[in-house]
Every structure is written in C-alpha cells, then in structure tokens.
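Reader: I'd like to go through this one piece by piece before I set anything up. Could you walk me through it?

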Amino acid sequence: MLYQPIIKKYCLLLGVMVLLPGSLLAAPADQPTRQAGKTPNIILIISDDQAWGDYGFMDHPSIQTPNLDQLAASGLVYPRAYVPTSLCRPSLASISTGLYPRQHGITGNGPVKSEVEGETDETNRRYIERFASSPQLAGYLEAAGYRSFQSGKWWEGNYSSGGFTQGMSHGDALRGGRHGDEGLVIGRETMQPLYDFIDEDSEAPFFLWYAPVLPHFPHDAPQALVEKYLEAGLHPKLAAYYATCEWFDETIGQLMDFIETRGLSEDTVILYVGDNGWIQPTQRYRGQPWYLGAPRGKASPYDGGLRTPVIISHPGSIQPSVSDAAISSLDILPTVLRIAGLEQPQHLPGVDLLDAEAVGQRGPVFGAVYAHDMTNIDSPTDDLLSRWVVDNEWKLILPRSAPPELYVLTEDPGELNDIAQQHPEQLRRLTNAIETWWSGPRP
C-alpha cells in the first residue's frame, strides 16, 4: 500500500478513518458539505515552493507545522496530489481555471524577453488576456453571490483577471506589476488586508485566495525560528528553509485564530495545496539558480517538483480521513464549486474530491512540464519538455527528446531506478494512456 506509514500515523495518533481503495468512504456523494441553509465561506491556502513531505502531518522528522497539522487532523487529506506542471505561474493558473496549461495557455513563468523596449510587457499582456478568457474559480463564486479577495502570488495582471471582486495585485507593468506586486507583502510583512476584507460589513459569503510567497526563496524567516533549527545541527541552508516552512505555518495559525475570534470557524471551509514542489539545495548546482532549488525538484517532471498534499477541512461537515488516491490540483475547482452548491461545468477535467465515487473512478493523473519562458502564444505546446502520468504505483515520464523513464513509486519514491527497459508492457500501456490524454479535447 502506498505511503502506509503516513496512513498508519493518522490511525494511531489522530483517531480518524483511513481511506483505502475499496474501503469506507470519507464523504459519500450525498453527504452535505455545509450546514443546512448556509453557504460557507471558503479559504484557499497555497504554499509556494514546498516539498511534498515537508510538514509535520506528512511525518517530516524536523519541520514543525502545527497549524497545518491541525487542519489535516480535522479534514480530508490527500497525501498524493499532483500539480499538472511544476512551475508556479502555470500551476496557479491551473488552480484558478481548473484546466491544464495547454488549455488556458500559460505554460511558463513569462514570455521570452525581447530586446525591443516594451515588447515583452505587451506579449505578457496578451497571455493574460487569453488566460482571462477562461472561466475562473472566483468568477464562478461571484455568480453564486460570493465576494472574493486575492492576496499573494498572482501572475495574471490585475486581480480582476481572475474574477476576484477585490484584491491586492494591480498588475500594472509600469509599476512593477509582475507575479503579484503589492500582494506579495501578505504573510511576509502583514496579514491585515485579509482581516480587513473578512471584517467588511457584508452578508455575502467570502472566498479568500491566500498565496503568500512562502516558503519561497529567499528563506529569510525570523531569526528565532532559524536558530531553533540550527541548534538541531542542521546545515544553515536547510535550517533557513525549514524555518521558513514553519513561518508560513505560523501565518496560517494567525489567519485561523482571526477566523475563530470572529466566530466564523463553523461557517468556513479551508483548503490547502502547494503550487509546486521543492528540493532544498545545500550547494550551488551548475546551471541551476538558487530560486529553482536542487535538480529533480521545481521545474522537473519528478515528484520532487509535482507532488503536494491537499487538505479540505470543515469540522462537523467533512469527515476526517486520509485517502490513498492519486489526485490532481485540477480537482480543487470542482470541489470548491460543490462546496458552494454550484453545478459542475462539463468542460472541466477535474473531479469533486468530496465525491469518493468520482475520486475512485478518476483514473490516472496526467501532466506536462514546459520551458520556463514561453515562446509562442498561439501554440503553447511548442515549449513542451516532457509529459507524465501517475497510475496507482506506476509513473511514466515521456521526455520530448530523451528516452522514457518508468518508476514504481511504492518501491522507489525518489524515482532513482528507471525500469522502463524491464517492463515493456507497462511502458506501452502508459505511453498509450498519455497519447490518448494528449490528443483529447482542448477548450
């Protein structure tokens, strides 16, 4: 069974139900996800560049994340979630749209830089316009009567391009409007904009996008946190990163405490996901800048760059449990729509994570990795580097210009032993699955 130690830990320490294939269901399709007659508030927390195992509830031996641990203990946890690509901008765009990068058009962190003044900004504006033409999570919720607020990482210009009714990011290129601009102070410098939004005099439910640049490089957590990890004998770069993970968790605790003081805990659903993975380096790798971490992490097709846990917490409404299913961050949008009582658009590739039957039938998880810089707005797949699929314990990576790689994640979670040559049947089966997915409909 995949990641049995994590599941066993939940059974023994948290006293929750464990979801395994064919076993009891955490949230049957007919189980309500909100109190009768009430539309819940929804908070989506998104970490930035955090390894999939770097949490207390994922059994990390050193990193302390008590607030995320609390959410995990009270909610439905998917330890084996994947983002469709391992860079922050396209990953965040996919969370907002529920679509793959080749569908919404954002495959990299920016267009290739031009030597002509202003041309790069103009090209990026066109990318943003294309992105904004896809229906967005916040826009769906506004139609259901929600007010919404964007904070933190946001690459797609003004917050309104994502359908938010309010936000922090202006997106004006002439004022440094890149990847979140004024919104990037959230978490690192202040939480007040979130509190002010929550405290507005309104009867409408709210949706909050909390995507701080944490624990993203630079790892500059408060020195007291760093010293705690240095005293444990860790390498200074590991201590700094671990401390920044805990700093991020502290901000979540501050937000949860504020919700509690306002008497909103029972009426608020909290979801958590990472935008992409990370491997913290302790040395400089040739050709790999610090902001990309160590190889086989961020921007790679390996689990170190793609995997993240997902948490959905609403005590009293969502039964605490742990699922062994492999899922996608594309499943978050359908799940949020279900929580808000909205019907599911037919074009979405994701499934409702509160519908255990749908999760059991979702099949393999697919994705693709692209170049850091985008080159052709009219043909997003020009920048393709590799495609991949996770099917139960099997994972296949199909690089564009290298031999395929096949791994059994149960036996080789670090993806160090490529067994493609030993298993031609699995190689053929999973290659066909990727090709079928890749040739499928694109909105």
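This is a predicted model: local features need pLDDT of at least 70, side-chain atom pairs count only at pLDDT 80 or more; totals for chains, interfaces and linings use all residues.

Reader: Which residues of α3 are buried, then?

Author: They are C88, R89, P90, S91, L92, A93, S94, I95, S96 and T97. Just after α3 comes G98, which takes a positive phi of about 75°.

Reader: Since a cysteine is in that list, how many disulfides does a search of the whole structure find?

Author: The search finds zero disulfides. C88 takes part in none, and the nearest cysteine sulfur, that of C245, is 16 Å away.

Reader: Let's move to α5. How many residues does it have, and how far does it reach?

Author: Helix α5 covers residues 119-132, which makes 14 residues, and from its first C-alpha to its last it reaches 20 Å, close to the 20 Å expected at 1.5 Å a residue.

Reader: Which residues of α5 are buried?

Author: The buried ones are T120, N124, Y127, I128 and F131. They cover an arc of only 100° around the axis, which puts them on the same side of α5.

Reader: Switching to strands, how many residues of β3 are buried?

Author: Eight of the eight residues of β3, which spans 75-82, are buried, so this strand is largely enclosed by the rest of the structure.

Reader: Which strands does β3 pair with?

Author: β3 pairs with β9 (residues 307-313) in the antiparallel sense over six bridges, and there G75 stands opposite S313. With β10 (residues 321-323), β3 runs parallel and is joined by two bridges, where L76 stands opposite S321. Two bridges also join β3 to β11 (residues 327-328), again with the strands running parallel, and the partner of A81 in β11 is I327.

Reader: What about V273, where does it lie, and what does it touch?

Author: V273 lies in strand β8, residues 268-274, and is buried, with a relative accessible area of 0%. Leaving aside residues up to four places away in sequence, V273 touches L44, I45, I46, S47, I95, T308, P309, V310, S329 and I332. V273 and I312 are 39 residues apart in sequence, while their C-alpha atoms are 9.3 Å apart in space.

Reader: Now the sheet with β12 in it: what is its strand order?

Author: It is an open sheet of four strands in the order β12-β14-β15-β16, with antiparallel pairing. β12 (365-370) and β16 (405-408) stand at the edges with a single partner strand each, so one side of each is left without a neighbour in the sheet. Neighbouring strands of this sheet are turned by 15° against each other on average, with direction ignored.

Reader: Which helix packs on that sheet?

Author: Helix α13, residues 424-438, packs on the sheet and touches β12, β14, β15 and β16, and its direction makes about 65° with that of β15.

Reader: How many bridges join β14 to β15?

Author: Six bridges join β14 (residues 384-391) to β15 (residues 394-399), and the two strands run antiparallel.

Reader: Last one: is D391 buried or exposed?

Author: D391, which is in strand β14, is buried, with a relative accessible area of 13%. Apart from residues up to four places away in sequence, D391 touches P364, R429 and L430.

Methods. Residues are numbered from 1 along each chain as its sequence is written. Side-chain values use heavy atoms; hydrogens and water are left out. Two strands pair if DSSP finds at least two bridges between them. Axes are lines fitted to C-alpha atoms, for helices over the stretch in contact, and angles run from 0 to 180 degrees between N-to-C directions. Contact means heavy atoms within 4.5 Å. A disulfide is a pair of cysteine sulfur atoms within 2.5 Å. The expected span of a helix is 1.5 Å times one less than its number of residues. Buried means under 20% relative accessible area, exposed over 50%, partly exposed in between (1.4 Å probe, protein chains only). The arc is that of the directions from the helix axis to the C-beta atoms.
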